[in-house]
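Here is a brief report on a single chain. It covers a sheet, a core and some backbone details.

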Amino acid sequence: FNSETILRKIAFNFVDHPQTVYVNLKGSIQFPNVSFSVKDDIDFGVAMMNTEQSKSIEMKNIFPHTIRYEWELMSGDSNISKAFDVFPLRGELEADQTIETHFGYFALADPNGKLRTYNATAICHIDGGPDYQFHLKGLSASINYRIEPLNFELINRNFSEEIEEVLTIYNTSKVPFNFSIQIPKLTQFKHFSAYPLKGTIEANQ
């Protein structure tokens with residue numbers, strides 16, 4: 001489906017005449033075609049279960065006329081239509097027109113809470129032209145963490161003594177997550193504070 005220009009010559013010979021006349025011929029074969037801003041696979045990486053991500057690429061009509069296109073998702077996984085989607089799914093592009101194509105990924109939860117990989121192939125069919133394929137990949141992971149210690153023993157302390165303890169949150173999952181600490185309004189302490197009150201913990205930290 002590569003457009004090309006063909007150059008040939010045609011010779012005219014005359015009866016009872018030695019002269020030969022050559023005529024140059026030029027023909028052009030053009031197929032509807034597009035170009036994409038990205039040619040690599042579309043990898044969403046590891047996402048927290050039941051969250052969404054999206055990536056966008058540009059698609060440009062490099063054909064001098066209007067073209068029609070349609071996307072198709074293919075995979076051996078029956079749930080793939082729930083994990084990936086493409087927008088717009090189909091449409092027309094005027095000559096030299098550029099649009100954004102959006103690929104969405106929803107990290108479906110694994111019934112057993114395990115890390116799960118989703119793969120699919122997004123195929124862009126150009127009416128009367130070639131097909132373009134993009135491999136889609138995404139992983140879905142649950143949140144696992146550990147907090148130490150779970151209790152602080154604050155006995156036998158002077159009433160005016162300032163006490164400081166350290167609590168550690170370990171992220172044992174494959175994805176980062178956010179945390180926040182809420183301090184009860186009513187406590188038996190004159191002053192109680194925690195730092196930081198919120199933040200992000202990267203995977204395996």
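Two strands count as paired if DSSP finds at least two bridges between them. In this predicted model, strand E3 is joined to strand E5 (residues 52-61) by 3 bridges, and the two run antiparallel. Within that pairing, Val-34 stands opposite Asn-61 of E5.

The pair belongs to an open sheet of 4 strands. Its order is E3-E5-E9-E7, and the pairing is antiparallel. Strands E3 (34-36) and E7 (84-87) form the edges. Each has a single partner strand, so one side of each lacks a neighbour in the sheet. From one strand to the next, the twist averages 25°.

Now the core. The largest nonpolar core holds 29 residues; Phe-36, Met-59, Trp-71, Phe-84 and Phe-103 have the most contacts inside it. Strand E10 (residues 116-126) supplies the largest share, 5 residues. Beyond its neighbours within four places in sequence, Phe-103 contacts residues including Ile-42, Phe-44, Ile-57, Trp-71, Val-86, Ala-122 and Leu-136. Its partners also include Gln-53, Ser-54, Lys-55 and Asp-85.

| Site | Feature | Value |
|---|---|---|
| Phe-87 and Pro-88 | cis peptide bond | omega about -10° |
| Glu-148 and Pro-149 | cis peptide bond | omega about -10° |
| Asn-50 | positive phi | near 65° |
| Asn-204 | positive phi | near 60° |

Pro-88 sits in the loop between E7 and strand E8 (90-93). Pro-149 lies in the loop between strands E12 (145-148) and E13 (168-171). Asn-50 is placed in the loop between strand E4 (42-48) and E5. Asn-204 falls in the segment after strand E15 (198-201). Is Asn-204 buried or exposed? Its relative accessible area is 53%, so Asn-204 is exposed.

Notes:
Residues numbered from 1 in each chain as written. Predicted model: local features only at pLDDT ≥ 70, side-chain atom pairs only at ≥ 80, totals over all residues. Heavy atoms only, no water. Core = buried A, V, L, I, M, F, W, Y, C linked by side-chain atoms within 4.5 Å. Buried < 20%, exposed > 50% of the residue type's maximum accessible area, 1.4 Å probe, protein only. Contact = heavy atoms within 4.5 Å. Axes fitted to C-alpha atoms, helices over the stretch in contact; angles between N-to-C directions.
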